[in-house]
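Visitor: I'd like a quick tour of this model, with the cut-offs spelled out as we go. Could you start with the terms and then take my questions?

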Amino acid sequence: MIYAVGDIHGESALLEHMLEEIRRDAAEHGVGRECIAVFLGDYVDRGADSRGVIDILNGDPLPGFTIHLLMGNHEQAMLDFLESPEDRPEWLSFGGVQTLQSYGVRASIGVVDADRCRDLRDRFVRALPGEHRSFLERLEPMVSYGDYGFVHAGVRAGRRLEDQALEDLLWIREPFLRHRAPFDKVIVHGHTIVPDVELHRNRIAVDTGAYATGVLSAVALSGREGRVLSVS
């Protein structure tokens with residue numbers, strides 16, 4: 001039994017509710033079976049409690065489960081800002097300000113001045129626990145099980161999973177979303193918000209926009225069957 005959880009984006013209370021729902025579902029459907037949980041990335045930004053989300057996921061969120069934590073484009077943007085803030089000020093404008101605030105660092109959207117960006121980065125480094133930096137740096141680009149490949153954003157058609165570019169795994173939308181032919185595996189992804197979890201023949205979209213809609217979703221996969229879990 002595999003559970004794939006969509007983009008959390010700083011919504012720690014919804015994450016706690018989802019973990020409870022997964023534990024309940026596994027107790028009903030997963031008895032005697034290996035249970036795997038894949039978190040599809042974008043744990044930080046936009047919502048108010050990125051720090052709390054990392055605290056939860058960096059612990060033991062689902063005892064007895066095999067856990068995979070994938071890299072999202074927002075985690076990559078956060079790492080890029082930490083590495084070279086003057087070159088990556090755009091992170092502040094698509095959720096980074098909320099993440100900084102969750103660590104007690106005051107910031108405002110629209111900062112582009114190199115010196116101000118470096119000052120924000122330096123204050124962030126002082127506030128960021130070492131185990132949170134390690135968490136970000138060990139996130140996986142993808143994982144596959146059986147007929148399924150799990151990535152954050154999607155894949156480039158015509159390339160094997162192992163040959164995919166990291167840029168596509170983290171950022172792609174089109175032409176991936178409109179592709180109708182099979183991929184190497186059924187691709188389970190987040191990144192692009194959908195009103196409800198979408199189960200297509202070649203891909204499954206799981207991001208229901210938790211930070212904007214108040215709904216966090218997951219899909220439970222057993223063979224070719226998918227069952228949707230949502231919490232609000």
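Predicted model: local features only at pLDDT ≥ 70, side-chain atom pairs only at ≥ 80, totals over all residues.

Visitor: Which kind of aromatic pair do Phe176 and Phe183 form?
Guide: Rings of Phe, Tyr and Trp (its six-membered ring) pair if their centres lie within 6.5 Å; planes under 30 degrees apart are stacked, over 60 edge-to-face, and the rest tilted. Phe176 is buried too, at 1% relative accessibility. The centres of Phe176 and Phe183 are 5.4 Å apart with 35° between the planes, which makes the pair tilted.

Visitor: What lies over the face of Phe176?
Guide: A charge counts as over a ring if NZ of Lys or CZ of Arg is within 6 Å of the ring centre and within 35 degrees of the ring normal. At 5.7 Å from the ring centre of Phe176, the residue is Arg203.

Visitor: How far apart in sequence are the parts that Phe94 and Trp171 tie together?
Guide: Phe94 and Trp171 pair edge-to-face, 6.4 Å centre to centre with 80° between the planes. Helices (H or I, at least four residues) and strands (E, at least two) are DSSP runs numbered from the N terminus. Phe94 lies in the loop between helix H3 (73-83) and helix H4 (96-102), and Trp171 lies in helix H7 (residues 166-171), so the gap bridged is 77 residues.

Visitor: How many disulfides does a search of the whole structure find?
Guide: A disulfide needs a pair of cysteine sulfur atoms within 2.5 Å. Cys35 is buried at 9% relative accessible area, and Cys117 is buried at 0%. The search of the whole structure comes back with a count of zero.

Visitor: How are H2 and H6 oriented to each other?
Guide: Axes are lines fitted to C-alpha atoms, for helices over the stretch in contact, and angles run from 0 to 180 degrees between N-to-C directions. Under 35 degrees is roughly parallel, over 145 roughly antiparallel, 65 to 115 roughly perpendicular, and the rest oblique. Helix H2 (residues 50-57) and helix H6 (residues 130-137) have axes 10 Å apart at about 75°, so the label is roughly perpendicular.

Visitor: And what does that make H1 relative to H2?
Guide: The axes of helix H1 (residues 12-29) and H2 come within 8 Å and cross at roughly 30°. Contact means heavy atoms within 4.5 Å, and Ser12, Leu15, Glu16 and Leu19 of H1 meet Gly52, Val53, Ile56 and Leu57 of H2. By its angle, H1 is therefore roughly parallel to H2.

Visitor: How many of the residues of H2 are buried?
Guide: What covers the buried residues includes H1, strand S2 (36-39), strand S3 (66-69), H4 and H6. Ser50, Gly52, Val53, Ile54, Ile56 and Leu57 are the buried ones. Of the eight residues in H2, the buried count is six.

Terms used: Residues numbered from 1 in each chain as written. Heavy atoms only, no water. Buried < 20%, exposed > 50% of the residue type's maximum accessible area, 1.4 Å probe, protein only.
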